[in-house]
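Morning, everyone. I have one structure to walk through today. Please have a look at it on the screen first.

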Amino acid sequence: MTTHRYSFRSIALCLLMSLIALGIKAQTTFTGQAPQTVGVGENFRVVYKVNANSNDIRLPEVSGINILYGPSTQRSSSYSVVNGVATSTIENSFTYVMRIDKEGSYEIAPATITVEGTQYKSNALTINAIKDATSSSNAPQNQVGSNSSQQTVSRGEDIVVVQSINKNSVYEGEALVLTTTIYTNVDLQDISDVKAPKLDNFVSEDLMDDHHLQFQLGQLNGKSYHMAVSSRQLLIPQKSGKLTIDPTEYEFVVKKRVRNGGGFFGGFFDDVQLYRQRVSSKPLTLNVKALPQPRPAGFSGGVGDFKLNVSITPDNVETDNSVQVKVSINGEGNLKITTLPKPQFHQDFDTFDPKESSSLSAFVGGYKGSRTAEYLIIPRRDGEFEIPQVSFTYFSLAQGKYVTLTKGPFPLHVAKGANSGSSATTQVFQGGQREQVQYVGKDIRYLHTSDTNLKAKDDFFLFSGPFWCVILFPLALLVAFFFIYRKKIQDNANMTAVKKRKANKVAQKRLKKAQIFIKKGERENFFDEVMRAMWGYLSDKLSIPMSELTKDNAREKMAEHNIAEADAEEFIKVLDSCEFARYAPAELSDSMDDIYNRAADVIGRMEK
């Protein structure tokens, strides 16, 4: 009986301690985090955290620091039972994105937040802005999702970038292929930045139509990886010697699951961390051999295997009729950068600039297809003529020597035309340079004259009706311009009214800029510009400084201005979608086109 009594007392005591533990309210803390050093013109994040439920955060006026958008609010909570004692924690974080445009030291005064009627202050923050700054180790973690973080780590062997070329030694003008391959054993979420090599000494062209990474199993140095080709470029060297191909550098976003460990729910609520990892390939050295000397006189840089075609249509014409001379080169090699041969024409022919066309496709051996130049000539004198031989010289990689192709000469019979008269002459200057042909008898016609009876008018313009119109009309325009200009000055004096009036116009300009980022595929810049357009529109329309705007007071202000509740909620939802898509992987976020259309639609409805 005594044993049961003590067991009951123990159980009751444990339950009482648990209830007391749950009832104890943790002390409220409110802290701010920011990087100590940032680069001039670079975006950085300032994060405020409070271990209580509240949205009433107030940020002080920040001089010299641009607040691009914010706050982005995230909430998290946890519950654990240890030795029969239950505890719960709450954390709210508010993230601002800022930028500093000038070097110097800047201080952000303490922010304030109200929790259950009590106001709390955070710590002050000091930020140094320098040029060419790197990421500071004291920077706050970028939030991605409810239980995720993002940080920069150094290169590891879990990701390797390899550059390779299919030829180590080529002739000047000979094509080769540069391939960049990514090997990884971790979960890659995205590629946030790519620093491509400078190819100043090469003509380059992309050989890949689809740059979406498609991974498959492969090996590198005896180790298994998931591999994918990131880029494949056609290169044509333009100078000889030892040429260096610089490394390609990537910044990857790597997803890693981190176990919380311990606790009743250990391993169930694991955190997902996103690491930014920069990895670069090794540089390559290419041996480019100079073409054999001496080079033939007609050589224009062609390297590969080509054929020459020349045609003249028709070869029997009358004077003043046109003749088409077509010169084309087809084959494989550096055809895109090769100069086509130019025929020589008789000085008594009028010639026009050629019409050039091409049908080329890039492949591992360079360019294949054809290039054509069409010349239009007009004989101005009858007789028997000849278009001289056309030649084209190139360096043959298969034969290892220069090859010259020739076509022609081409005879041309020109008969006297029916409209040719004895007065038609061709002016030839000394030295063989000819002026454009002049046909005096045919090109100039005499004017037809007729008898006219001209009479002088007795009317005077001075002090007439038209005279006063000419005098008074400019004066009336001047008076009207004066009053319009004065009204414009008065309107512009009220800056608040000007901002309200121009809010929609400014927002539309920013949305147009965001649309350009859609075409370029620049996701981060797109979402930044959309959020800047929406927050700026609301700030101008409601006459509230952007630093004082939050999502909660935005709802209240929109309700006070009789904005429909559905429009206000859609406005906030678009902002939430931008914030999520800004940091989420592309496949997990809304499309940029969808967010753009929603933003434009809700601003348009609010403007009406």
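I'll start with the overall picture, then go to the helices, and finish with single residues.

First, the ground rules. This is a predicted model: local features need pLDDT of at least 70, side-chain atom pairs count only at pLDDT 80 or more, and totals for chains, interfaces and linings use all residues. Residues are numbered from 1 along each chain as its sequence is written, and side-chain values use heavy atoms, with hydrogens and water left out.

Now the overview. The protein has eight helices and 32 strands. Helices here are DSSP runs of H or I with at least four residues, strands are E runs with at least two, and both are numbered from the N terminus. Of the 608 residues, 36% count as buried. Buried means under 20% relative accessible area, exposed means over 50%, and partly exposed is in between, with a 1.4 Å probe and protein chains only. Take the contacts between residues at least 6 apart in sequence: 71% of them join residues at least 24 apart. Contact means heavy atoms within 4.5 Å.

On to helix H5, residues 523-542. How many of its 20 residues are buried? The count is 17, so H5 is mostly covered. Its length also checks out. At 1.5 Å a residue, its 20 residues should span 28 Å, and the end C-alpha atoms are 29 Å apart, which agrees. That expected span is 1.5 Å times one less than the number of residues. Just after H5, Ser543 takes a positive phi of about 60°.

H5 has a partner, helix H8, residues 592-607. The two pack at an angle of about 10°, with axes 11 Å apart. Axes are lines fitted to C-alpha atoms, for helices over the stretch in contact, and angles run from 0 to 180 degrees between N-to-C directions. H5 and H8 are therefore roughly parallel to each other. On this scale, angles under 35 degrees are roughly parallel, over 145 roughly antiparallel, 65 to 115 roughly perpendicular, and the rest oblique.

Who makes the contact? From H5, the residues include Phe526, Val530, Met534 and Leu538. From H8, they include Ile595, Ala599, Val602 and Met606. By type, the contact has 13 nonpolar residues, no polar ones and three charged. Nonpolar covers Ala, Val, Leu, Ile, Met, Phe, Trp, Tyr, Cys and Pro; charged covers Asp, Glu, Lys and Arg; the others, Gly among them, are polar.

The largest nonpolar core has 34 residues. Such a core is a set of buried Ala, Val, Leu, Ile, Met, Phe, Trp, Tyr and Cys residues joined through side-chain atoms within 4.5 Å. Those with the most contacts inside it include Phe526, Met558, Phe571 and Ile595. H4 (495-520), H5, H6 (551-560), H7 (565-583) and H8 each give two or more residues to this core. Its largest share, 10 residues, comes from H5. Met558 touches Leu538, Leu542, Ile563, Ala568, Phe571, Ile572 and Met606, leaving out residues up to four places away in sequence. Apart from this core lies another one of 25 residues, among them Val38, Tyr48, Ala52 and Ala111.

Now a few single residues. Thr95 lies in strand E6, residues 85-100. Thr95 is buried, at 11% relative accessibility. Beyond its neighbours within four places, Thr95 contacts Arg45, Val46, Val47, Gly70, Pro71 and Ser72.

Lys239 sits in the loop between strands E18 (223-237) and E19 (241-245). Lys239 is partly exposed, at 41% relative accessibility. Lys239 and Asn201 are 38 residues apart in sequence, but 6.6 Å apart in space, C-alpha to C-alpha.

Last, the backbone. Where are the cis peptide bonds I'd point to? One runs from Thr313 to Pro314, with omega near -15°. Another runs from Gly408 to Pro409, with omega near 5°. Then there is positive phi outside glycine. Asn221 has a phi of about 55° and is exposed at 78% relative accessibility. Asn562 has a phi near 60° and lies in the loop between H6 and H7. Asn562 is exposed too, with a relative accessible area of 71%.

That's the tour. Over to you.
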